[in-house]
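Biologist: Could you walk me through this model with me? I have the sequence and coordinates open, and I'd like to ask about a few places.

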Amino acid sequence: MHRFLEQSATQNGRGSLHVSPQAMRVLLDYGYPGNIRELENIIQHAVTMADDSTSRLGDLPQHLQQLSKRLSGPGSSTLSDQSVSTRSALNFFHKGVSLDAELEEYERRILRAALDQSGGVQKRAAEALGINYRSLRHRLRKYELT
């Protein structure tokens with residue numbers, strides 16, 4: 001995420017940009033059905049919309065702002081009431097790792113699972129992931145999974 005933040009800030013002629021704690025919570029709680037590409041698009045949107053050096057909740061796309069309202073609604077104040085993914089996201093802060101490292105590990109696990117499910121056939125794994133074969137090969141090389 002930090003890499004996307006830096007790239008987008010540079011492309012928009014902005015200096016260093018930070019994410020507010022509320023916006024970060026929403027970014028960590030979101031499931032990203034579009035995977036890493038969706039995260040990149042969301043970050044680009046937030047950078048474009050930010051008025052100063054901090055991207056806030058209001059700078060995120062509308063569907064993420066709605067997610068924030070649901071998370072902060074009645075009954076969501078205790079950990080036992082939160083969803084498993086929310087608890088998992090909150091655990092991130094206690095690990096002492098960067099978001100980039102956490103996302104890379106998550107992507108590695110998904111790639112391994114796709115390869116396992118496809119019996120090691122990379123073309124089938126790429127289809128299962130909804131990405132093209134070249135993208136899969138690139139990711140496998142990146143994470144040294146070939």
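Biologist: Is Glu144 buried or exposed?

Modeller: Glu144 counts as exposed, at 70% relative accessibility, where exposed means over 50% relative accessible area, buried under 20% and partly exposed in between, with a 1.4 Å probe and protein chains only. Please keep in mind that this is a predicted model, in which local features need pLDDT of at least 70 and side-chain atom pairs count only at pLDDT 80 or more, while totals for chains, interfaces and linings use all residues. Residues are numbered from 1 along each chain as its sequence is written, and side-chain values use heavy atoms, with hydrogens and water left out.

Biologist: Where is Glu144, and what is its phi?

Modeller: Glu144 lies in the segment after H8, and although Glu144 is not a glycine, its phi is positive, about 55 degrees. Helices (H or I, at least four residues) and strands (E, at least two) are DSSP runs, numbered from the N terminus.

Biologist: Switching to H6, which of its residues are buried?

Modeller: In H6, the buried residues are Leu99, Glu107, Leu111, Ala114 and Leu115. They lie on the same side of H6, because they cover an arc of only 140 degrees around the axis, the arc being that of the directions from the helix axis to the C-beta atoms.

Biologist: And what is on the other side?

Modeller: Asp116 and Gln117 are exposed on the other side of H6, and just after the helix Gly119 takes a positive phi of about 65 degrees.

Biologist: What lines the second largest pocket?

Modeller: That pocket holds about 410 Å³ of space, and of its 15 lining residues the closest to the centre are Arg3, Phe4, Ile36, Glu107 and Lys142. Helix H1 (2-11), helix H3 (35-49), H6 and helix H8 (133-142) each supply at least two residues of the lining.

Biologist: How many of the lining residues are charged?

Modeller: Eight are charged, with five nonpolar and two polar.

Biologist: Now Val26: what does it touch?

Modeller: Val26, in helix H2, is buried with a relative accessible area of 2%. Not counting residues up to four places away in sequence, Val26 touches Leu57, Leu60, Leu64, Leu67 and Ser68, contact meaning heavy atoms within 4.5 Å. The C-alpha atoms of Val26 and Leu67 are separated by 7.1 Å, although the two are 41 residues apart along the chain.

Biologist: And where does Ser20 sit?

Modeller: Ser20 is in the loop between strand E1 (18-19) and helix H2 (21-29), and Ser20 is buried, with a relative accessible area of 8%.

Definitions and conventions
On a 1 Å grid over the protein atoms alone, a cavity is a set of points where a 1.4 Å probe fits but cannot get out, and a pocket is an open set with protein on both sides within 12 Å along at least five of seven lines; lining residues have an atom within 4 Å of a point. Grid points are joined across faces, edges and corners, and a volume is the space filled by probe spheres set on the points. Ala, Val, Leu, Ile, Met, Phe, Trp, Tyr, Cys and Pro count as nonpolar, Asp, Glu, Lys and Arg as charged, and the others, Gly among them, as polar.
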